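I opened this structure to look up a few local features. My notes follow the order in which I went through them.

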Amino acid sequence: MQTAAIQTTGLTRRFGELTAVDNVSFSVAPGQFFGFLGPNGAGKSTTIKMLTGLLEPSAGAIEILGHPFGANALELKRQIGVVPEGMALLGRLTAPEYLRFVGRMYGLDRAITNQRTDELLEFMQLANESRKLVTDFSHGMQKKLALAAAVIHAPKILFLDEPFEGVDAIAAGMLKAMLQGMIQRGATIFLTTHVLEIVERLCSHVAIISQGRLVANGSLEELRAGVASGLPGVQQEQRLTLEEIFLSIVGAGGMEPAQELSWLA
Amino acid sequence: MAGVAEAVAVERIRGGVFSRLARSQYAALAGMRWSMFRHGMRSTKGAVEAAARIVILLVYSFIGLGLAAGFGGGAYAAASHGHWELMPLFLWVLFFMWQVVPVSLASFQQQFDLGGVLRFPVGFGVFYLLHLIFGLVDVSTIMGGFCCLGLLVGITVARLGAFGWAALSLGVFAAFNILLVRAIFAWIDRWLAQRRTREILSAVFLVLLLSMNFLNPALRGNTNRPWLNAKSRDAGDRYLRIANRVQRWLPAGLAARVLRSGVSANPGDAAESLALLGIYGLAVGGVLGFRLGGEYRGENLGDAPGRKKVEKRSRQWLLDGAGPIAAEMEKELRTILRALPLLYGMGAPLIMVFVFSGVFRSKGTTNLSQLPLGLLLCLAYAMVGFTQLLYNNLGTEGAGIQILFLSPTPIRTVLLAKNLFHALLFAIDAVLVCVISSLRYGAVDLVALAAIVSWLLFAMPVHLAAGNAFSIVMPYRVNMGRISRQRGSQSNALLSLAVQLGVLGIGGGILAACAFFNRLWLAVPVFLVLAAAAIFAWLRLLPRFETMASARRDDLIATLVKAE
């Protein structure tokens, strides 16, 4: 039996009275491109923070590559790369300085750090901006830099929180190709995004979280079949889009757009 | 074993504080700080920042050297005359200074938030050590370090043979203080981060302030009070003896005991006291470690209010009025009520006012020539707590600054609303200062009070106008969940301090001159004339700030919104 790259059991996080993540259990196999979806405030970023050791769970267990996180935090942090919600860049550094800083924080040799920095900047088309401070980068450039920083130490698992937000179509295509290449070489990617088309195109497995609870988990085909069987008038063979699946599972929040905000032009 | 997954082998990492990984991380952090400093010099603003940082460091160092000379002189006198019983006094003063100064000067310090390094494979020992290293550049540590050095030099010059024990005692005492001040800040940040603990801390803080004021009448040094008879004096002496016995077992007392026993050829007692002092240090280090451990494990300090609560709150309106000034004032009120660091900054100087005001008593009776100056100093000190609010009045906006530029409300209206609200807050603080001072002095003389109020009418618009300019030119983002580890603008801090000293100097000069010629009442019209000019200038400058803010819009947004 293959060890799961990521395994959570009863994962829960409470903030005072609010349970942001409630008893969430799932497993991500190695080499899987896993989409983690949910409406705003559903608990996606909280889950990623717990999975990457930035937030302590209130209850439940996390295993990364078969190791519990708490006892092996140092080793496991070296195996994972993260593009966090706020990107966590240092604005007053240049891109090469930032990448070299991150590389050395992961304990890479100076020579390897320098070599990978140059390659990543070239790949991300940031090499010409090497004298510019990160704070002066556009949002898309910052996203590319954050992604470069997340992979500089060649992680086995990559956590991406909205990596394509603000990235232009050309850069997005390039990043997708890079991520698919990583998957082919055996890496595992855990992706959260609101762009469902990207998930549909890239991810083999999807989990959906709503109000802190896991409401769906499986391959896209499994989700399609599950939703189709529960919807009246939908044939099993009908190919539902991920958006239809998502809306069917999570719902539109009970809002009827036509009835709301009628004063708007 | 079939069916059971085996863990993927991962390379073991030696995460000790001197491991290869740790050394690489120290080098990376040092390089990162150096690069940030170097890039800061690229722009004029950055160069001014760097210059301000150097000036501030020099100022603190000079103050530290002055204090060190004082402590050294005192220690020399005590040691050379064999008055070792005075040593606890020096060490207790140093202890309180070490712990109180950082809170009072929180607005003037730039600190680095180490929370960001936790996404890397950083060992706990490394995280702990980094906290201590970055804490070494705190004002309190610079000043305290100098004072310890002064004491060591003073004692050694007086008694060369005492050097060894003095070095040991003061070294451990310094380490204890460094750990304690870091632990206090770490815990305060923890308590401020969550609503419930924040409210408890606010209540404790308020009770502390009130109780100090209730203590005032009891502490007034009027020896002619009928109730202070021989019997009560005996009781006082008894309590003092008990306090003395207790303090011998506390850190400052233990450090003094090490010195005394060391020079009295009683190495056993000295070693025992040193060991106890070390245990205090370890205990405080443990308390700090416990707190940092929570942060290291990923304990979240932020508030995440329940969904229902958010809905309930959004319907509340504290101020009536639909205009933008009322809206802005309400927003300021809500922001400040939810940002205890700001409230703390405003309230903490009141404790020091209580202490300062005692200095201006003369043998238990109010010296009228000193009273207005004393009150002036107390108010100026209270103003220090408002520095962040007045001189960085856009700092709490964060990304919301964009709304100010997008809305049809002119920036001058926003600034006016902020100014009026902050002036109102300071007026409340000023009344509290007057009440505290009155309890210390007795009733405040009406002429002196009128002079001080007139000075305030002059000082406030000056601060508001200068504050508006600094807020636009030298803004910095305020983290409302923390007292320590704030990113600040050193040039803003330095120049705002210079303006405050200037305003205080003008007030003090005029009051002193009027008091010297026994015409204190004359200060009132002089200040009123200055106040009229200042108010006129402030109102005239408001439209200019509009232009200034528009011209610097990109920079403002970049500073308050973009990556750290």
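**Entry 1: a loop residue in chain A**

I started at Thr94(A), which lies in the loop between strand S6 (80-83) and helix H3 (95-105) of chain A. Helices (H or I, at least four residues) and strands (E, at least two) are DSSP runs, numbered from the N terminus. The model is predicted: local features need pLDDT of at least 70, side-chain atom pairs count only at pLDDT 80 or more, and totals for chains, interfaces and linings use all residues. Residues are numbered from 1 along each chain as its sequence is written, chains are lettered from A and ligands numbered from 1 in the order in which they are written, and side-chain values use heavy atoms, with hydrogens and water left out.

Is Thr94(A) buried or exposed? I found Thr94(A) buried, at a relative accessible area of 5%. Buried means under 20% relative accessible area, exposed over 50%, and partly exposed in between (1.4 Å probe, protein chains only). I then listed what Thr94(A) touches, not counting residues up to four places away in sequence. In chain A these are Ser130(A), Arg131(A), Lys132(A), Leu133(A) and Val134(A); in chain B, His39(B) and Arg42(B). Contact means heavy atoms within 4.5 Å.

**Entry 2: the sheet in chain A**

I traced an open sheet of 4 strands in chain A, with order S2-S1-S4-S5 and antiparallel pairing. Two strands pair if DSSP finds at least two bridges between them. S2 and S5 of chain A are the edge strands, each pairing on one side only. Helix H1 (residues 44-51) of chain A packs on this sheet and touches S1, S2 and S4 of chain A. The direction of H1 makes about 120° with that of S1(A).

I looked next at S1 (residues 6-15) and S2 (residues 18-28) of chain A, which run antiparallel and are joined by 7 bridges. Thr8(A) has Phe26(A) in S2(A) as its bridge partner. The hairpin of S1(A) and S2(A) has 2 residues between the strands, and Gly16(A) there takes a positive phi near 60°.

I checked Leu65(A), whose phi is positive, near 55°. Leu65(A) sits in the loop between strand S4 (59-64) and strand S5 (67-68) of chain A. Leu65(A) is buried, with 5% relative accessible area.

I also noted Gln211(A), with a positive phi of about 50°. Its loop runs between strand S9 (205-210) and strand S10 (213-219) of chain A. Gln211(A) is exposed at 57% relative accessibility.

**Entry 3: chain B**

I counted 21 helices and 2 strands in chain B. Of its 564 residues, 49% are buried. I took contacts in chain B between residues at least 6 apart in sequence; 81% of them join residues at least 24 apart.

Note on methods. Axes fitted to C-alpha atoms, helices over the stretch in contact; angles between N-to-C directions.
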